Amino acid sequence: MIEKRIAGKITAAEMLQLHIHLAGCSVCKIYQRQSILINKVFVGFENSDFKLDEAFKKILTEKIEKEINKN
């Protein structure tokens with residue numbers, strides 16, 4: 001609901017639920033602050049502005065597959 005609120009797509013009932021939840025959940029309060037900050041930092045950038053280097057993608061994919069195969 002925090003992300004929906006930031007995007008402006010939250011209903012009044014969800015806003016009330018979120019407000020009540022945030023009153024007692026310090027972890028979600030921190031998450032909300034971080035999410036707002038991240039959104040402020042990246043305002044104005046197009047998705048195409050963020051691309052991973054092919055070598056990094058390969059390493060990351062290998063690490064993910066290794067972790068999946070562990071379980």
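Helices (H or I, at least four residues) and strands (E, at least two) are DSSP runs, numbered from the N terminus. This is a predicted model in which local features need pLDDT of at least 70 and side-chain atom pairs count only at pLDDT 80 or more, while totals for chains, interfaces and linings use all residues. Residues are numbered from 1 along each chain as its sequence is written, and side-chain values use heavy atoms, with hydrogens and water left out.

**View 1. The chain has 4 helices and 0 strands.** From the N terminus on, its elements run α-α-α-α. Of the 71 residues of the chain, 11% count as buried, where buried means under 20% relative accessible area, exposed over 50% and partly exposed in between (1.4 Å probe, protein chains only).

**View 2. Helix H2 (residues 12-24) packs with helix H3 (residues 26-41) at an angle of about 115°, their axes lying 6 Å apart.** The two helices H2 and H3 are therefore roughly perpendicular to each other, a term for angles of 65 to 115 degrees, whereas those under 35 count as roughly parallel, those over 145 as roughly antiparallel and the rest as oblique. Axes are lines fitted to C-alpha atoms, for helices over the stretch in contact, and angles run from 0 to 180 degrees between N-to-C directions. Contact (heavy atoms within 4.5 Å) is made by Leu 18, His 21, Leu 22, Ala 23 and Gly 24 of H2 and by Ser 26, Cys 28, Lys 29 and Gln 32 of H3.

**View 3. Gln 32 lies in helix H3.** With a relative accessibility of 14%, Gln 32 counts as buried. Not counting residues up to four places away in sequence, Gln 32 touches Ile 2, Arg 5, Leu 18 and Leu 22.

**View 4. Lys 4 and Glu 14 join their side chains in a salt bridge (2.7 Å, N to O).** This pair links distant parts of the chain, with Lys 4 in helix H1 (residues 2-7) and Glu 14 in helix H2, 10 residues apart. A salt bridge is a side-chain nitrogen of Lys or Arg within 4 Å of a carboxyl oxygen of Asp or Glu. Lys 4 counts as partly exposed at 34% relative accessibility, whereas Glu 14 is buried, with a relative accessible area of 17%.

**View 5. Glu 54 and Lys 57 both lie in helix H4, 3 residues apart, about one turn of the helix.** Their side chains meet in a salt bridge (3.1 Å, N to O). Glu 54 is exposed, with a relative accessible area of 56%, while Lys 57, at 33% relative accessibility, counts as partly exposed.
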